[in-house]
Amino acid sequence: MVRFIPVISTFCLLYLVACQPASESANSYTTSQNDAKIDALLASMTVAEKVGQTCQITLDGISAKDANNQTIEPIKIDSNKLKEALEEYKVGSILNVGAHTFSLQDWEVVIDAVYSPYVNGKTKVPIIYGIDAIHGVTYTAASTLFPQEIGLAATWNPDLAYQFGRVTAYETRASGLHWNFSPVLDLGRSPLWSRHFETLGEDPYLVSTMGSAISRGYQGDSIGSYGVAACLKHFVGYSAPLSGRDRTPAWIPQKYMSELYLPPFKKAVEQGALTLMINSGVLNGIPGHINKDLLTHTLKEDWGFRGFTVSDWEDFIMLHTVHCVAENIYDAVVQGFNAGVDMSMVPYSPQYKEYCSIMIKAVENGDISMERLNDAVRRILWVKSELGLFETDRNQAADYPDFGGQKHRAIAYNSAVESITLLENKDNCLPLNPSQKVLIAGPTADNLIFVNGAWTHTWQGADTAYNNKNGKTIRAAFESKLGPDRCTFAQGAALYLEDQFERTKLVEKQDFLRKAAQSDVIVLCLGEYPSTEKPGDIRSLNLEPEQLELAEMAYASNKKVVLVLVEGRPRIIRSIVDQADAIVQAYLPGDYGAEALVDLLYGDQNFSGKLPYTYPRYDGVIEFYDHPRSVARAKNNSFESYNPQWNFGHGLSYSSIEYKKLEISDTIVGSEDTIQISVSVANLSNRACKEVVQIYVSDHFASFIPAGKRLKGFEKIDIAANSVSTFRFKLSVADLKFANAEGDWLLEKGLFSIHIADLTQTFELE
Ligand code: BGC
């Protein structure tokens, strides 16, 4: 630990009693013990100092550049720019890296520089530095990279989600950072949207459970030396753009806001999440950044959120230039700030100077009240104090010996093992036999960028130059398992970008055909080119035709074919499903995902992942498991139209599972009651397994169309070989409520059914 000689600043005088060495128990983010100190500090601040606290700039604004205005490598901070931003404009927050990932040493240079004005007494308040560490510390070289959130969701294991949060927080702190722009709690109901892979899937209960576990993992029981502030994003409705394109309007009726989109945020806020990022798109005609009803009334007043909200990238500017709700930037700043945006990700220079000047002027003009400014700054100071940022002792990378180490990798590997989902396994094609000769092929088989996806070392994650040395590609994982003699590689097709859109082309066709003919089994790795946000907009969910053609070529060889889908969202593969011997959904499993995949394919691990979304069969028909009955109505008036490729919650294993004896404690219940549910789950195989018991409830009739069924509980249980486990669950009748058109909750009497696997029990609410 490096100790700075603290120059006593105003806050330090006030704060001295509370200054403790950074340790696991130094802070509890639910406390308000520092309120009086924060109030005193706030009272001592000028308007300019307060405004600076609400301003966030990107590192690019203070990094040193060469004569061509290119960032100097390795990174250096330009002391004049730093002085101007932090001392003159009193900027309170910084985010991101430059173009690519940093080493721990680079981070030390940056962090030492950006904290120095506070440490040296030039500013009263330290900065807070935010980063997108969304599947591990994605912007620190050699960090532990986990499956992306969509894969983590497929584990259906909140304990793993929590451990992921802990590891990521630890490695974020090793990088000198205290604030993570994660988790994404947007519901994954629009697979066309480029950020589907960043979500935890389509169901509000699954997203709430897994998302709040990640958030708790980031923050720990107390921040101490190993926790970071979570940032719930993107509040709210961002993930459901009607056009499928990033940052475009969503229309979500109040009923579905209450039932689907708001609950994950509410739960994580109730559990103490410290910050929240705002939806950069538009909900029901109102850009997220001026939605006072949501930002102020719902979040801060109704839910009692104590932390601060941060805008997304350039969103004040976009209110004027893109969403056209403000005639000029002044108006945009005023509207957003008054709606409840506390901190603005401006983020460039000279725009941040304009932002600060506008804010000061708006306060002078009375367009922004001092009360509102104080409220925002108090929230920011409170989070900074909860994070221990006012302490001048800072840990260094050397204080984090587990960074990128075996202990963390094992958790990332286990997360991948529990996420990868077996969709089809005809005639027990899997597990593979190690004596079989394997051809590993396909566009996603031989580069780490495909198993990691976007937000990996670079924003779009497509630059291969920064790949971690420890990670293995799918090809490399096979080669190290089997040795070079029993497997060969032929790419067959390559993914690339053309005119900013993903494309595939067949490559070295003859090589592929020859090697296919010489092998017993072909493991064909298909999927997507890494991308996110605007650059990730696509026009169709159909898998690129050349990838389907490659699969047809594999089938024509009459060898066993295992399709491995390396994709962040479900791409339509209907035409190649029936001929495949096995199909595995790998999602974007991270640096240790390929080893997990190969261990699963050879049966050294058992599959236990379950789909966190409904896998569509047709490009134009996006269905959800909880569809109301009308969605399933066919042309012949039967109710058989609901026909996805695979269902939400689907996932096979090497064990054969049988559910029996679903019992409920009461068949007639009152509104205050709790129903006891039990079911026996038998593992009829010789292999131990993990099974996700999923409890769904359907409401037979209601005054607003009822969901077909909704997930109300789940648990991932271990079942030994050839044994039976009895699973018990308590369902509160209050959980049977649904929302009306205004979004208010109702409980109506009548018949309800509980469904577990293919078993059903019905009861009546009186
Ligand atoms: C994204 C956010 C991200 C932020 C900072 C934005 O463009 O929408 O999810 O946290 O950039 O990198």
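The lining of the largest pocket comprises 19 nonpolar, 9 polar and 15 charged residues. Here Asp, Glu, Lys and Arg count as charged; Ala, Val, Leu, Ile, Met, Phe, Trp, Tyr, Cys and Pro count as nonpolar; the others, Gly among them, are polar. The model is predicted: local features need pLDDT of at least 70 and side-chain atom pairs pLDDT 80 or more, while totals for chains, interfaces and linings use all residues. Residues are numbered from 1 along each chain as its sequence is written, and side-chain values use heavy atoms, without hydrogens and water.

The largest pocket has a volume of about 1,200 Å³. A pocket is an open set of points on a 1 Å grid over the protein atoms alone, where a 1.4 Å probe fits, with protein on both sides within 12 Å along at least five of seven lines; lining residues have an atom within 4 Å of a point. Volume is the space filled by probe spheres set on the points, which are joined across faces, edges and corners. Of the 43 lining residues, Met257, Ser258, Glu259, Pro263 and Trp745 lie nearest the centre of the largest pocket. Helix 9 gives the largest share of this lining, 5 residues. Helices (H or I, at least four residues) and strands (E, at least two) are DSSP runs, numbered from the N terminus.

The second largest pocket has a volume of about 870 Å³. Its lining holds 37 residues; Asn647, Tyr696, Lys709, His755 and Ala757 lie nearest its centre. Strand 25 supplies the largest share, 6 residues. By class, the lining of the second largest pocket has 18 nonpolar, 14 polar and 5 charged residues.
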